[in-house]
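Reader: Hey, could you walk me through this one? I'm new to reading structures.

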Amino acid sequence: RVQLVESGGGSEQAGGSLRLSCAASGYDYGVQTDTFCMAWFRQAPGKEREWLAGIYIGTGTTYYSDDVKGRFVISQDNAKNTLFLQMSSLRPEDTGMYYCASKRGSFRCGSLDPVDVTSWGQGTQVTVSS
């Protein structure tokens, strides 16, 4: 089972930037890591966990929710099995716990539902003040 560990959260003022990282490990022997879809989710207090961005490792194809398109960038460092989320033009409504997620295959990589996810990180808190 894939283990995911996020880092890079913190507090920032509106309009600022933060970069989140997610270190992945524990791939089963023989499993091709490029068959995975990796994603970032956010959960604000009192709200459901929502999908923000995804990337299919094999092709590098990226996907974004309308809310973050143009402000956030998802990327990968395959050599280090690390996923990133560069967040810019932060808004107070971006506040929440950010989770790294993974699943096998490309199906629904562009709009993952939490039930599609097979591995979750522990989350990292992002707080944006006005």
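This is a predicted model: local features need pLDDT of at least 70, side-chain atom pairs count only at pLDDT 80 or more; totals for chains, interfaces and linings use all residues.

Reader: Okay, how many helices and strands does the chain have?

Author: The chain has zero helices and eleven strands. Both are DSSP runs numbered from the N terminus: helices are H or I with at least four residues, strands are E with at least two.

Reader: And how compact is the chain?

Author: Its radius of gyration is 14 Å, close to the 14 Å that the globule rule gives for 130 residues, so the chain is as compact as a globular protein of that length. That radius is taken over C-alpha atoms, and the rule is 2.2 Å times the number of residues to the power 0.38.

Reader: What share of the residues is buried?

Author: Of the 130 residues, 42% count as buried. Buried means under 20% relative accessible area, exposed is over 50%, and partly exposed is in between, with a 1.4 Å probe and protein chains only.

Reader: Which residues have the most contacts inside the largest nonpolar core?

Author: Met38, Trp40, Phe72, Leu83, Leu85, Met87 and Tyr98 do, in a core of 24 residues. A nonpolar core is a set of buried Ala, Val, Leu, Ile, Met, Phe, Trp, Tyr and Cys residues joined through side-chain atoms within 4.5 Å. The largest share of this core, four residues, comes from S3.

Reader: Which residues is Leu83 in contact with?

Author: Leaving aside neighbours within four places in sequence, its partners include Leu20, Met38, Trp40, Ile55, Ile74 and Cys100. Contact means heavy atoms within 4.5 Å. There's also a second, separate core of ten residues, including Trp51, Tyr99, Ala101 and Leu112.

Reader: Switching topic, where is Leu90 found?

Author: Leu90 sits in the loop between S8 and S9.

Reader: Buried or exposed?

Author: Leu90 counts as buried, because its relative accessibility is 2%. Not counting residues up to four places away in sequence, Leu90 touches residues including Glu12, Leu18, Arg71, Phe72 and Val128.

Reader: Last one: how far is Leu90 from Lys69?

Author: They are 21 residues apart in sequence and 12 Å apart in space, C-alpha to C-alpha.

Note on methods. Residues are numbered from 1 along each chain as its sequence is written. Side-chain values use heavy atoms; hydrogens and water are left out.
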